[in-house]
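Please keep the sequence and the 3D view at hand while reading.

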Amino acid sequence: MDISTFGGFILAFAVIGFGIVSSKGSVQQFINIPSVLITIVGGLAAVLTGTPLKDFLNIGKLLKLAFFNQAFDPGATIKMLITFSEKARREGLLALEDDVVELDDQFLKKAIQLVVDGTEPEKIKNILQTEYDYIDDRHQIGISIFEELDALFPAFGMIGTLIGLIIMLANMNDKASLTSGMSVALITTLYGSIMANTFAHPVASKLKDRNNKELLIKEIMIEGTLSIQSGENPRILKDKLISFLPGDLRDKLQQEMGE
């Protein structure tokens with residue numbers, strides 16, 4: 001569980017609820033099923049219209065990625081690559097074949113296997129870069145879904161507002177219809193704003209962060225793999241890979257490695 005995602009989500013709705021209660025409003029006043037359908041279902045339907053079904057059905061997986069921690073540890077990856085480099089320098093590249101079987105990360109597994117197989121450096125770089133680009137493109141599809149929702153929820157909220165205004169104008173002499181129209185007009189705008197700012201936009205931002213962290217590790221793997229194949233000194237490799245990290249992670253890793 002990602003505490004920041006859950007905590008922020010709950011806090012946002014808690015603040016909204018507090019605002020309603022502290023203003024002596026009733027929660028019941030802010031529940032309107034037609035407005036929910038117009039804003040939320042309408043926004044999802046619009047995204048579905050412009051998104052392949054198989055990608056749209058991945059929304060559940062995307063939410064899981066946003067709300068639950070992912071294991072991104074560039075420091076552990078760097079340490080592993082340095083270990084591989086030291087072993088390759090001592091025993092040769094073929095000695096890494098046993099390590100390939102034990103790797104869980106499929107990207108790194110493919111990279112080291114290419115080295116063990118004696119693939120040319122340029123081909124290894126091209127293969128891994130293609131895989132890197134594919135991963136990024138796949139992630140961008142998921143990010144774009146929530147970016148579209150971020151724009152469409154307020155848009156459908158405005159559609160609901162227009163519907164409510166039309167109802168009001170068509171029934172100016174009917175107090176009940178006037179009240180109903182006003183309710184729909186205001187609540188749909190509220191729903192659109194809430195769904196965009198407390199759900200769609202934060203999830204898109206979190207998915208971008210997850211993507212950036214995963215791609216950073218993939219960049220480290222590519223550079224490390226090519227350096228291992230070229231027989232680069234493990235110490236030089238360590239300095240090169242550590243340079244990929246931001247300052248705080250760099251200092252932490254250097255301390256762990258006794259520097």
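## The largest nonpolar core

The largest nonpolar core has 31 residues, and those with the most contacts inside it are Ile78, Leu96, Ile112, Leu128 and Ile228. A nonpolar core is here a set of buried Ala, Val, Leu, Ile, Met, Phe, Trp, Tyr and Cys residues joined through side-chain atoms within 4.5 Å, where buried means under 20% relative accessible area, exposed over 50% and partly exposed in between (1.4 Å probe, protein chains only). Two or more residues of this core come from each of helix 5 (74-91), helix 7 (106-116), helix 8 (121-170), helix 9 (175-229) and helix 10 (234-242); helices (H or I, at least four residues) are DSSP runs, numbered from the N terminus. Apart from this core lies another, of 18 residues, among them Ile59, Ile145, Ala200 and Leu207.

This is a predicted model, in which local features need pLDDT of at least 70 and side-chain atom pairs count only at pLDDT 80 or more, while totals for chains, interfaces and linings use all residues. Residues are numbered from 1 along each chain as its sequence is written, and side-chain values use heavy atoms, with hydrogens and water left out.

## Contacts of single residues

Not counting residues up to four places away in sequence, Ile112 touches Phe84, Leu96, Val100, Leu103 and Thr225, where contact means heavy atoms within 4.5 Å. Leu237 lies in helix 10 and counts as buried because its relative accessible area is 0%. With residues up to four places away again left out, Leu237 touches Leu81, Ile82, Ser85, Gly224, Ser227, Ile228 and Glu232.

Beyond its neighbours within four places in sequence, Thr188 is in contact with Ser35, Ile38, Thr39, Gly157, Gly160 and Thr161.

Val21, Val27, Ile31, Ile33, Leu37 and Val41 make a nonpolar surface patch of about 560 Å². Such a patch consists of residues with over 30% relative accessible area and no salt bridge, whose nonpolar side chains (Val, Leu, Ile, Met, Phe, Trp, Tyr) are joined within 5 Å; a salt bridge is a side-chain nitrogen of Lys or Arg within 4 Å of a carboxyl oxygen of Asp or Glu. Helix 2 (residues 33-49) gives the most to the patch, with 3 residues. Ile31 is placed in the loop between helix 1 (3-22) and helix 2, and Ile31 counts as partly exposed because its relative accessibility is 48%.

Conventions:
Patch = residues over 30% accessible without salt bridge, like charges linked within 9 Å, V, L, I, M, F, W, Y side chains within 5 Å. Areas by Shrake-Rupley, 256 points an atom, 1.4 Å probe, with all protein chains shown as cover.
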